[in-house]
Each structure stands twice: as C-alpha cells, then as structure tokens.
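Hi there,

Here is the model I promised to pass on to you.

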Amino acid sequence: MFVFMCFSATTWTILVLFSTLLLLYGIWPYRLFRKNGIPGPMPLPFIGTMWNLLKGNMVFDRECQSKYGDVWGVFEGRTPVLMVSDPGMIKTILVKECYSVFTNHREIFSGPLETSVFSAKDETWKRMRTSISPCFTSGRLRQAFPIIARYADRFIAKLEQTKLEDSTDIRKLFGPYSLDVIASSSFSVDADSINNPDDPFIINIKKVLNLNFWLLLIKNVLPFSSYLFEFLHIDIIPRSIVDYFFNLIKQLKAQHDQSIKGDFLHVMIQNEIPQSEIKSDQDQPPKGLTEQEILSQSVLFIFGGYDTTTVTITYLLYNLAINPDVLQILHSEIDSNFPKDTPFSYEDLVGLQYLDQVLNESQRLIPTASALERFCKKTVQIHGLTIPEGTVVAVPVHLLHKDPRFWSSPEEFRPERFSKDNMEEVNPYAFMPFGLGPRNCIGMRYAILVMKMILVRVLQSYTVETCKDTMGIIPFENWCQAEYGDVWGMFEGRTPVLMVSDPEILKTVLVKECYSVFTNRRDSGFTGPLEDSVSVVKDERWKRIRSTISPMFHQWQTEKPFFPFCTRLFQFLGIDPIPRSSVNYFYNVIKNFKDQHHADEHASITRGDFLQVLIQSEIPESEIKSEQDQPPKGLTEHEILSQAFIFIFGGYETTTITLTNVLYSLAINPDVLQALHKEIDTNIPSDAPISYEDLMGLQYLDQVLNESQRLYPTAPRLERACKKTVQIHGLTIPEGTLVGIPVHLLHKDPRFWSSPEEFRPERFSKDSTEEVNPYAFMPFGLGPRNCVGMRYAILVMKMLIVRLLQSYTVETCKDTMIPLEFDWKSQPLKPIKLSFIPRQK
C-alpha cells in the first residue's frame with residue numbers, strides 16, 4: 001500500500017498509460033502475418049521470435065519448416081520476415097519480380113557504405129550493377145589470371161616453410177591468400193599479407209570482419225534507434241575503419257596508373273561520372289559511378305570477397321578431409337591434367353570438371369550464406385499468398401540445399417550429383433550458393449577462379465587429412481576430444497567421469513580387465529525390486545545371473561550425481577526412477593505367468609519362452625551365501641521376476657529406436673533402399689514363410705543395420721565403474737571413477753571410418769577394403785558385459801524390416817526432420833515421421 005501512496009493518481013495514470021503504449025509499440029507489428037493467414041511461431045513483445053535463435057538458426061528454421069510447411073512468418077524484433085522454401089515462389093521472388101517488387105536488400109549499412117552495390121536500391125542499384133559487371137567478364141578474368149597464379153605460387157612457397165603435419169587452422173592459413181589476390185586484382189598493388197601478417201592493412205581488414213551484430217539486434221527491437229546511432233556515428237563497421245580504407249583507396253585511385261588495365265579499379269575509373277549527373281533516386285543515368293560510389297565498391301570488394309572466399313575454401317578442404325575417396329579422385333584429375341611445377345592456362349583451370357563438382361557439392365552441404373533476403377517494396381500476391389509492403393522475404397538456403405525432395409541422400413557428400421549427366425536433375429531454385437536472379441553475387445565467376453587456382457596448387461603438393469582437433473558433430477564431447485585428446489576427465493555433479501575414446505584403452509577396460517577391475521556399471525538409482533536385475537547387480541552376482549540368462553536389455557540409467565546422499569532418502573520415501581506402483585504391477589503379472597508355467601510343467605506342457613529357461617534355473621535364496629560367495633549358476637525367484645521385467649523394459653525401447661533409425665536412414669538414402677528391396681525380393685518371395693536360415697542369410701540387410709547403428713547408436717555412451725585403482729597405458733584411474741566411452745564419437749571418428757558422415761552399408765561387407773576396428777564400433781556394447789540379447793534383437797528387427805519392405809517402400813515427408821537433431825538426452829528433438837507407400841505387386 002505504501003508503494004501506491006508514493007505517487008499521485010496523475011503520476012500513476014501517466015505510468016500506466018506509458019506502459020500500455022510501450023507494450024502496444026512492442027507488439028503492434030505482430031498481427032501482420034496472422035491477418036494474412038501466414039503461420040509461424042508466437043512472437044514476444046519487442047524481441048519477436050528471436051529468442052528461438054538460442055537453439056541455433058538452422059535448427060529453428062528446420063523446426064519451422066517441419067511444423068508450418070514451406071512458408072512461415074517470423075519477427076526479428078519488430079521486423080516481419082517471411083521465410084520461403086518453395087522453389088516456385090523463390091523463382092518469382094528472386095527472378096520474375098526482382099525488378100518490380102523484390103529489388104532491394106534490407107537496410108544494414110549506414111554512412112559511407114550506404115552507396116555500395118550491396119546497399120543501393122532500385123534505379124541506383126541497376127546503374128551501379130551495370131557499371132561494375134564489366135569487372136567480371138571472361139576477358140577481365142583472363143587478365144586477372146596471372147595475378148591469381150602468382151599469389152597461389154607465393155602461398156605454396158610459404159607452406160613449404162610451415163609445419164603442417166600437426167593441426168592447422170585452415171581459415172587462418174588461407175585468409176592471407178584470399179586477401180592478397182583481391183587487393184592485387186582490385187587495385188594492382190603488391191599486397192603480401194602471406195609473408196607480412198602484421199601489416200596495418202591486414203590488421204584493419206580483421207577489424208572490419210568483427211561486425212557489431214548487437215547494433216543490428218537493437219535496430220530490430222527499436223527501429224527508431226537508427227537515428228540515434230547515425231547521430232552518434234555508430235555503425236555496424238566502425239567508422240574509423242571504413243574511413244581508413246576510404247582514404248587508402250582514394251590514394252590508390254589518385255596514384256592509379258592508367259596504363260594498367262587488368263584491375264577492377266581501372267574499370268570503375270573508366271565509368272566515373274560527376275555527382276551532378278545523379279538527379280534523384282529515380283532519375284538515374286544508364287551507367288556510371290560517382291567517386292564516392294567507386295570508393296564504396298572498392299571497400300565492398302575487399303570486405304565481401306576476402307572472408308567468403310576463405311570460408312568456402314575452409315569448408316571444401318574439410319569435406320575433402322572427411323571424404324578421402326573424393327579427395328583421391330580429385331587428386332587423379334589434377335595429376336592427369338597438370339604435371340607438378342608446370343604452368344597452366346585459364347582454359348585448363350576452367351576445364352577441371354570434377355573440381356567444379358566438388359566445389360558445388362561442398363557449397364551445397366555447407367553454404368557460406370545460409371539465407372538470402374529481399375525487401376518487398378509493395379504489397380503483392382504470389383501463388384495465392386499476400387506479401388505486405390515492408391516485409392523482408394528470406395530464403396533459407398541451408399534447408400533447400402538439404403531438402404530430400406530435391407536431393408537424394410542429402411546428408412552425403414556426392415560430387416557426382418553435379419556431373420553433366422546429372423545436372424538436369426538439379427533444381428536451380430534449390431541450389432543457390434551465390435544467390436539467384438539479377439541480384440546474385442556479381443563476383444561469382446571471379447571467386448570460383450580464385451578458389452580453383454589455390455585448390456589445384458595445394459593439392460598438387462599436399463593431401464589433406466583430419467586430425468585430433470577436427471570438429472565433429474556432437475558439440476560438447478567432440479570439443480573435449482579436440483581440446484584434450486582421447487582421454488579427458490569431467491564431473492557430473494560430484495561424480496568423477498573419465499571419458500576414453502582410445503581403442504587400445506577401451507580394449508583393456510571393456511575386455512581384458514572387465515572381470516578384475518571394470519566389472520560394474522555405475523549405481524543405477526534403481527531401488528526395491530529392480531535392484532536384482534542383471535543391469536544393476538555387481539561382480540560375482542552379475543556373473544551368476546549373466547551365465548544363467550540369455551535375452552537381455554540395453555543399458556539404461558538414471559543418475560543422481562549432484563547429491564549422492566539423496567539416494568537413501570529416495571529409497572526411504574519409496575521414490576524410484578520407475579514408479580514403484582508400475583514395477584509392482586508388472587511383478588504381479590509376471591508372477592502370475594510364472595505360476596502358470598509351473599502348472600503347465602505339472603501337466604507336462606513345455607514352453608519355449610525365456611521365462612521357461614529362467615524357471616528351469618531357479619534356485620532357493622539359501623544357496624546365496626554372500627555377495628562374493630555365489631553358486632556358478634541359477635536365479636532366485638526374486639531375480640527371475642527382475643530379469644523378466646528387464647526383458648520387457650529394455651528390449652521394447654531399444655528395438656523400437658533402432659528400427660526407427662534404420663527406416664529413417666533408408667528413407668533419406670533411396671539408393672540403399674532400392675538395393676535392399678532387391679535383396680529381399682530375390683531371396684524371399686512375397687507372402688512366403690521365412691526360415692531362420694533365410695533371414696540370417698540377408699547380408700546386405702546386416703550391412704544396413706550395422707551402418708544405421710554406426711551413424712545413430714541407440715546408446716551414445718557406455719560406462720564402467722572402476723572398482724580399484726589401476727594403471728592402464730601409463731594412465732592412473734582411481735578407484736570409484738566412472739569410465740565413460742563416447743560411442744557416438746568413435747562411430748564417426750575419421751581415424752577409423754572414411755567419409756564418416758555418409759551412409760555406406762558397403763563398409764560392413766565381407767569384400768570391403770575398409771577394416772572395421774572392433775573397438776570403434778560397439779552398437780551393443782563390448783566385452784563380457786555387452787548386450788546378451790544382441791542376436792535376439794537383430795533377429796526381431798530383421799524379421800520386421802523384411803516383412804515391411806516386402807509390401808511397402810518408405811519415403812520422407814514434409815514433417816521429416818533432416819538432418820536429425822538431438823537434445824541433451826540424445827533423443828531426437830521431434831518425432832521421426834516418414835511415409836509408407838504400398839509397393840506394386
């Protein structure tokens with residue numbers, strides 16, 4: 001009450017009115033998409049849908065496409081952004097209606113860079129584009145070719161003085177080459193950042209790349225802040241850095257030798273016009289650049305060409321390193337066409353077709369620009385959809401480049417899809433690494449020439465491989481492996497966990513020292529009836545139960561690492577990972593089954609199920625003297641009930657998940673599915689009974705199962721508890737330490753698998769040249785404590801897959817998540833959805 005009395009009624013009225021108006025300002029634009037029938041996620045006041053970007057831009061886009069289809073609306077602050085991934089609409093936006101409606105980009109730069117060809121609008125952009133285009137004709141590229149070749153040779157000479165056998169930051173390594181080529185081609189200066197990385201020119205370039213993205217964020221949330229930033233001379237690129245380059249280029253322009261006709265500055269100087277010829281934004285001469293515009297384009301050439309070229313080269317070399325078979329073919333093409341240390345011509349370089357395919361495929365998988373944008377300058381209807389004036393229309397390039405509607409096996413690196421024989425199948429509106437339409441990247445051909453030159457020169461002298469620091473797919477554990485090597489320690493709450501991904505150490509932990517040191521798993525958190533299950537019991541008791549049973553379940557555990565003492569409290573309160581009432585229900589059901597089995601035995605009825613095997617091994621509780629003094633075999637009644645429950649609990653979920661992953665892998669790899677259909681049709685006639693031997697003889701199906709479990713292991717991590725201090729390979733592992741094995745890392749480690757991200761069942765064939773390291777492939781665990789029900793699980797899965805694929809084919813649908821994204825529990829972020837299409841008999 002005191003708070004209300006601090007202010008007068010008038011003051012409170014003003015505060016409420018101000019708060020209401022502020023809230024209305026924060027939400028006012030958000031009716032736009034709903035009013036036009038465009039779906040999308042719910043925006044929050046002021047920030048819109050940007051909070052979803054915490055998941056990652058690509059993950060968020062994929063979720064939206066899966067949920068809303070090919071068109072959805074988001075809000076970047078108060079700015080409406082219409083996302084479009086429909087090729088028909090993209091064609092209209094980027095090509096057909098480019099000049100009339102979707103000519104411009106959204107406003108990003110202010111100050112001097114407002115006059116660059118990237119920022120220019122409408123008639124100004126048309127004039128500037130027409131004036132700059134001659135810089136990138138075939139004739140100009142031929143003139144620039146010797147410059148590019150000279151810097152490629154200089155780069156190789158520098159490499160020969162550099163130690164490259166260890167891990168190398170590719171982006172830092174190739175950045176100086178990109179910069180020198182652009183600077184020399186643009187201004188005919190002998191830049192040498194390759195050998196002089198501390199040159200002021202280089203230092204300022206690096207500062208240019210540190211864009212102030214917070215400024216863009218604030219502008220999106222509070223658009224009126226643009227005027228404040230402009231008044232304070234605060235820009236996305238610091239004004240002092242832009243002024244440095246403007247002054248430098250102005251000097252180069254003044255000193256430019258008009259006899260030099262090979263650089264881009266010469267072309268722009270030839271097209272210089274006085275400012276007085278520009279009457280207005282709409283009344284533009286057909287061609288020409290003012291001095292200010294020449295300076296802006298020059299800065300943009302450096303800014304736009306340097307980093308994008310370097311990033312694209314980095315991604316390409318990464319893809320070659322993790323796909324050594326592609327690298328080998330590319331080496332063959334280069335070696336066949338270009339003997340080492342011999343000069344080659346522009347035509348020779350342009351003629352390298354497989355290198356073109358590799359470059360295209362790398363840009364498809366990892367596009368340098370993950371999205372394109374156009375600004376809608378008037379309300380328009382496209383394909384029945386109303387796009388309001390002022391809307392930013394964005395094209396999620398990364399989604400289109402991996403959309404299974406347009407690409408078979410989109411996650412695989414297959415340069416052959418861009419060969420002449422296959423190019424007709426490439427949808428031009430689903431592949432746009434350099435943009436599309438009249439406002440695409442003007443320097444595309446030049447960038448390709450620069451990249452092809454350096455790649456040829458590097459691969460003539462070097463091959464490229466992954467190393468221990470090469471980044472993989474699952475961020476945290478992969479980062480740890482890159483940072484610390486194959487052995488690192490971490491803490492889950494107060495519990496020490498030693499992570500090991502070295503196959504030799506794994507062999508010792510899981511096999512050699514399994515019985516003596518690493519017999520047990522961590523305490524599972526199970527109390528009550530499930531304490532007797534084979535997954536939980538330890539040492540001699542585990543040996544006895546394991547030797548008694550055959551079907552088994554997969555490892556599952558609930559951890560209480562933060563406050564270990566709470567285990568006893570939970571036990572006292574009857575709180576378990578699985579509700580006690582559910583466990584008791586199944587115990588009673590299984591006990592009834594057990595009693596029925598005993599009745600059947602008296603009636604001389606023999607059953608062939610697992611429970612019968614367990615009952616035949618039953619021993620009285622009195623035979624168990626202590627934890628260490630155990631009979632060689634046998635199960636007490638309580639243990640029989642525990643194992644029976646675990647068979648249901650463990651077998652159901654793991655089998656279902658593995659089947660789901662196999663069908664997903666087949667759906668996104670239709671060529672593999674076709675080969676599997678052929679094997680099944682050839683060996684097992686439809687509707688005919690299947691024998692055990694027939695099913696076990698399906699070798700390609702075995703390969704598919706193995707490869708799917710390699711890419712998507714059901715258990716991404718194995719664990720063993722160290723029960724006494726031990727030394728392994730010079731490493732001391734203290735008693736009580738949990739040893740964790742990151743299965744998902746080993747299954748995709750390029751040291752053990754070529755092209756580890758590709759789905760290749762053939763790697764598990766008998767004739768495969770790729771040797772499978774048994775300690776880098778463990779879908780069912782490894783060693784004496786592996787999954788005892790492995791063979792049964794494989795039998796169940798193979799039977800269902802065969803019967804299913806005899807009648808159906810499986811395909812992706814609009815709701816299929818590609819690629820799969822996983823949460824912290826290693827579960828897919830969304831359910832995996834596929835379409836089943838009846839096969840023609």
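The count of salt bridges comes to 26, where a salt bridge is a side-chain nitrogen of Lys or Arg within 4 Å of a carboxyl oxygen of Asp or Glu. Please keep in mind that this is a predicted model, in which local features need pLDDT of at least 70 and side-chain atom pairs count only at pLDDT 80 or more, while totals for chains, interfaces and linings use all residues. Residues are numbered from 1 along each chain as its sequence is written, and side-chain values use heavy atoms, with hydrogens and water left out.

One of the salt bridges pairs Glu 373 with Arg 106, their closest N and O atoms being 2.7 Å apart. This pair links distant parts of the chain, 267 residues apart: Glu 373 is in strand E3 (residues 372-375), and Arg 106 is in the loop between helix H5 (87-96) and helix H6 (122-132). Helices (H or I, at least four residues) and strands (E, at least two) are DSSP runs, numbered from the N terminus. Glu 373 counts as partly exposed because its relative accessibility is 22%, whereas Arg 106, at 14%, counts as buried. For these words, buried means under 20% relative accessible area, exposed over 50%, and partly exposed in between (1.4 Å probe, protein chains only).

Arg 142 and Glu 347 form another salt bridge, with 2.9 Å between the closest N and O atoms. Here too the pair links distant parts of the chain, as Arg 142 sits in helix H7 (residues 138-159) and Glu 347 in helix H16 (residues 346-350), 205 residues apart. Arg 142 is partly exposed at 40% relative accessible area, and Glu 347 is partly exposed at 44%.

Glu 707 and Arg 710 form a salt bridge, the closest N and O atoms being 2.8 Å apart. Both lie in helix H29 (residues 699-711), three residues apart, about one turn of the helix. Glu 707 is buried at 0% relative accessibility, and Arg 710 is buried at 0% as well.

Gln 282 counts as exposed, with 54% relative accessibility. Leaving aside residues up to four places away in sequence, Gln 282 touches Asp 122 and Glu 123, a contact being heavy atoms within 4.5 Å. The C-alpha atoms of Gln 282 and Glu 123 are separated by 5.8 Å, although the two residues are 159 residues apart along the chain.

Helix H31 (residues 790-807) has 18 residues. Its buried residues include Ala 793, Met 797, Ile 801 and Leu 805, and Lys 798 and Gln 806 are also buried.

Finally, a word on confidence. The chain averages a pLDDT of 79, and 81% of the residues score at least 70; pLDDT is the predictor's confidence in each residue, from 0 to 100. Over residues 550-575, pLDDT stays under 50. Where pLDDT is low, the predicted coordinates should not be read in detail.

Best wishes

Key
The expected span of a helix is 1.5 Å times one less than its number of residues.
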